Number of protein chains: 2
Amino acid sequence: MLEYRIFHLNDFTLQHGATLRGAVLAYQTYGELAPDRGNAILYPTWYSGRHTDNEWLIGPGMTLDPSRYFIIVPNMLGNGLSSSPSNTAPPYDRARFPHVTMYDNVAAQHRLVTEQFGIERLALVTGWSMGAGQTYQWAVSHPDMVARIAPFCGSSRTSVHNQVFLEGVKSALTADAAFNGGWYERQPMTGLRAAARVYAGWGFSQAFYWQHLYQRLGHTSLEDFLIGFWEGFFLDDRDANNLLTMLWTWQHADVGLTPGFGGDTVAALSSIKARALVMPAEKDLYFPPEDEVWAVGHMPNAELRVIPGVWGHFAGHGSNPDDTRFIDQGLRELMSA
Amino acid sequence: MLEYRIFHLNDFTLQHGATLRGAVLAYQTYGELAPDRGNAILYPTWYSGRHTDNEWLIGPGMTLDPSRYFIIVPNMLGNGLSSSPSNTAPPYDRARFPHVTMYDNVAAQHRLVTEQFGIERLALVTGWSMGAGQTYQWAVSHPDMVARIAPFCGSSRTSVHNQVFLEGVKSALTADAAFNGGWYERQPMTGLRAAARVYAGWGFSQAFYWQHLYQRLGHTSLEDFLIGFWEGFFLDDRDANNLLTMLWTWQHADVGLTPGFGGDTVAALSSIKARALVMPAEKDLYFPPEDEVWAVGHMPNAELRVIPGVWGHFAGHGSNPDDTRFIDQGLRELMSA
């Protein structure tokens with residue numbers, strides 16, 4: 001049973017014009033907010049992840065130590081806990097759920113942070129993958145409110161190649177006629193499993209597979225990994241429309257689309273005031289380090305630190321102790337700076 | 001109108017036991033066979049490619065000059081011209097077409113080369129992608145018959161990651177209910193187009209997309225590239241069962257499975273007598289250079305030469321003049337060695 005709290009956004013107007021009535025943000029907190037409200041850290045979720053999936057980076061002795069910081073983990077819109085196709089009442093339900101941007105996610109989180117907790121400044125925003133995208137968006141949407149950011153295995157703008165990777169996932173999912181344009185009564189299992197198999201090649205690096213490291217995750221063969229890990233991942237209480245909502249958010253992510261920047265990603269990056277530690281993974285196939293070299297080159301106060309090793313994108317998933325230590329150490333240095 | 005010749009294999013027994021009755025190999029030749037039959041080059045096709053798709057590397061002034069060499073391009077089994085699900089009479093037609101290995105392809109080509117042309121030794125075997133796989137297989141199946149090999153953007157054994165990439169393509173194609181287990185009356189268009197979109201992210205590198213190099217191929221936007229190039233590619237007289245037959249061949253490719261080696265890929269590579277020039281592409285996402293470093297390390301007389309640049313796997317497709325020159329120059333040096 002997932003435990004979390006609900007923040008009522010009530011009428012929430014999205015960047016593209018739709019208004020979600022009765023919108024909610026599901027979130028969880030770890031630790032206590034200091035009397036001066038200066039110890040708050042925001043740690044958004046990733047594609048299909050829930051707040052519990054972020055907990056590997058939180059704990060006693062780690063940088064994100066609840067005895068020291070007040071850590072807020074908001075669930076992304078579309079993830080099934082916050083407002084999503086699967087839990088929204090008609091007429092904006094299911095296939096009619098509107099397009100949600102990274103900007104929208106941050107706008108909703110900003111209301112949570114300010115209205116619910118009265119926080120005026122965040123000590124850190126950090127996140128993996130789409131969580132990294134929200135992290136960048138925070139620094140652009142609210143430059144004076146964010147002291148530090150640490151996006152890992154993500155980007156400020158979804159690259160063209162990354163869009164294509166996602167297009168493959170989407171095409172596989174929707175190729176199943178049971179998807180029925182989003183008006184299914186039961187989950188399109190064939191499509192979900194196909195999407196999982198498409199995703200499998202992207203999530204971990206070539207070298208990860210070469211070395212059979214899926215065995216370290218407890219999988220006894222490649223097929224056991226494809227079914228047990230990947231298909232299981234896509235069937236774990238996921239919903240096809242939810243997945244496509246978040247996929248749209250991801251495909252269209254670009255801090256340059258923040259109001260006021262007119263599509264100029266470089267200008268948006270240049271406007272960031274937060275001290276930044278950017279950690280791409282060496283062999284991430286859809287957020288390659290080269291892209292983050294470019295981003296850091298346009299940020300006034302940013303350091304690039306590549307997570308070494310062969311786990312690819314999943315370096316930021318909490319599955320590999322070496323990568324977890326690397327990220328935690330990076331956060332430690334950033335917080336003491 | 002494709003022009004080609006047919007070699008009748010008649011009863012052709014495959015490695016896994018099935019016998020294709022009335023089997024054929026479609027092929028084309030370029031140039032004239034010398035009286036001593038010493039100027040023959042074999043240049044097998046790639047996944048879904050036809051002999052005409054190899055012609056970019058053949059021509060006056062190029063290393064594969066028909067005025068000097070007799071170049072044979074055999075069409076791979078399953079490609080729609082040689083025996084394939086789409087052109088085989090019942091009962092081995094369509095979904096019942098048997099599994100074909102790299103070893104089978106080379107066995108069929110060996111019969112063509114020896115029975116039709118009386119060739120005892122090939123000056124060179126070369127090929128791109130699955131053509132590279134057949135090239136390796138030639139050097140292992142017939143070590144005394146192959147003077148030189150030049151596999152480019154391919155491998156001697158399909159890596160686990162490469163298998164996973166293909167699994168995604170297959171899953172997308174077969175997620176379309178119209179595929180109907182291979183017993184479709186019309187091509188499963190949704191599945192073919194989904195497979196194309198999955199493939200799109202793999203065929204070219206992240207940097208290729210970052211730099212919008214699809215514009216160099218005449219495509220006016222990303223979507224124009226996805227439809228015009230990729231979907232067009234998968235709809236260009238392809239057949240779903242044919243694609244899956246070749247995909248199976250690819251997924252299961254391993255020179256170690258040649259009879260006599262008992263699955264020992266290293267032993268098979270070590271048995272190669274041909275002088276080898278191995279040319280992976282720097283940013284090939286499914287045949288990464290690292291894998292070929294490994295293979296070359298087990299071959300007695302092999303040089304590795306990485307094709308530089310950002311075209312990824314399609315460095316070997318003949319679309320980029322720089323890559324074509326690089327490959328042609330490599331072949332030139334190999335032939336004069």
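A residue counts as buried if 20 or more other C-beta atoms lie within 10 Å of its own. Keep that cut-off handy for this tour, and remember that the model is predicted.

**Stop 1: Tyr214 in chain B**

Select Tyr214(B), in the loop between α5 (206-210) and α6 (222-235) of chain B. Buried or exposed? Tyr214(B) has 23 other C-beta atoms within 10 Å, so the residue is buried. For a distance to check in your viewer, pick the C-alpha atoms of Tyr214(B) and Asp224(B), which are separated by 9.2 Å. Those two residues are ten apart along the chain.

**Stop 2: Glu292 in chain B**

Next, pick Glu292(B), which you'll find in helix α9 (residues 289-296) of chain B. Glu292(B) has 26 C-beta neighbours inside 10 Å, so this residue counts as buried too. Show Ser155(B), Val278(B), Pro280(B) and Leu304(B) alongside; these are the contacts of Glu292(B) once its neighbours within four places in sequence are left aside. Then draw a line from Glu292(B) to Asp93(B): the two are 199 residues apart along the chain, and their C-alpha atoms are separated by 36 Å.

**Stop 3: helix α2 of chain B**

Stay in chain B and select residues 130-141, which make up helix α2. How many of its twelve residues are buried? The count is twelve of twelve, so to speak a helix that is mostly covered. The run of buried residues includes Met130(B), Tyr136(B), Trp138(B) and Ser141(B). To see what does the covering, colour β3 (40-42), α1 (102-116), β5 (124-128), β6 (148-152), α7 (240-251) and α8 (265-270) of chain B, which are among the elements involved.

**Stop 4: a hairpin in chain A**

Hop over to chain A and select strands β1 (residues 5-13) and β2 (residues 19-30). They run antiparallel, joined by seven bridges. Click Phe7(A) and look across to Leu25(A) in β2(A), which stands opposite. The hairpin has five residues between the strands, and there Gly17(A) takes a positive phi near 110 degrees.

**Stop 5: two domains in chain A**

Colour chain A by its domain assignment: domain 1 is 5-158 + 254-336, and domain 2 is 162-246. Their centres, taken over C-alpha atoms, are 23 Å apart. The contact between them takes 25 residues from domain 1 of chain A and 22 residues from domain 2 of chain A. On the domain 1 side, the classes are 13 nonpolar, ten polar and two charged residues.

**Stop 6: where the chains meet**

Finally, show both chains. In all, 31 residues of chain A are in contact with 31 residues of chain B. Which helix of chain A gives the most to this side? That's α3(A), with nine residues. Helices α3 (160-174), α4 (189-203), α5 (206-210) and α6 (222-235) of chain A each supply at least two. By class, the side of chain A that touches chain B has 16 nonpolar, ten polar and five charged residues.

Now superpose chain A on chain B: a rotation of 180 degrees does it, with 0.0 Å of shift along the axis and an RMSD of 0.0 Å. The two copies are therefore related as by a two-fold rotation axis. Finish on Ala172(A), the residue of chain A that comes closest to that axis, at 2.2 Å (C-alpha).

Note on methods
Residues numbered from 1 in each chain as written. Chains lettered and ligands numbered in written order. Predicted model: local features only at pLDDT ≥ 70, side-chain atom pairs only at ≥ 80, totals over all residues. Helix = DSSP H or I, 4+ residues; strand = E, 2+ residues; numbered from the N terminus. Expected span 1.5 Å × (residues − 1). Contact = placed C-beta atoms within 7 Å. Pairing = 2+ DSSP bridges. Least-squares fit on C-alpha atoms with pLDDT ≥ 70 in both. Nonpolar A, V, L, I, M, F, W, Y, C, P; charged D, E, K, R; others polar. Domains from an automatic or database assignment.
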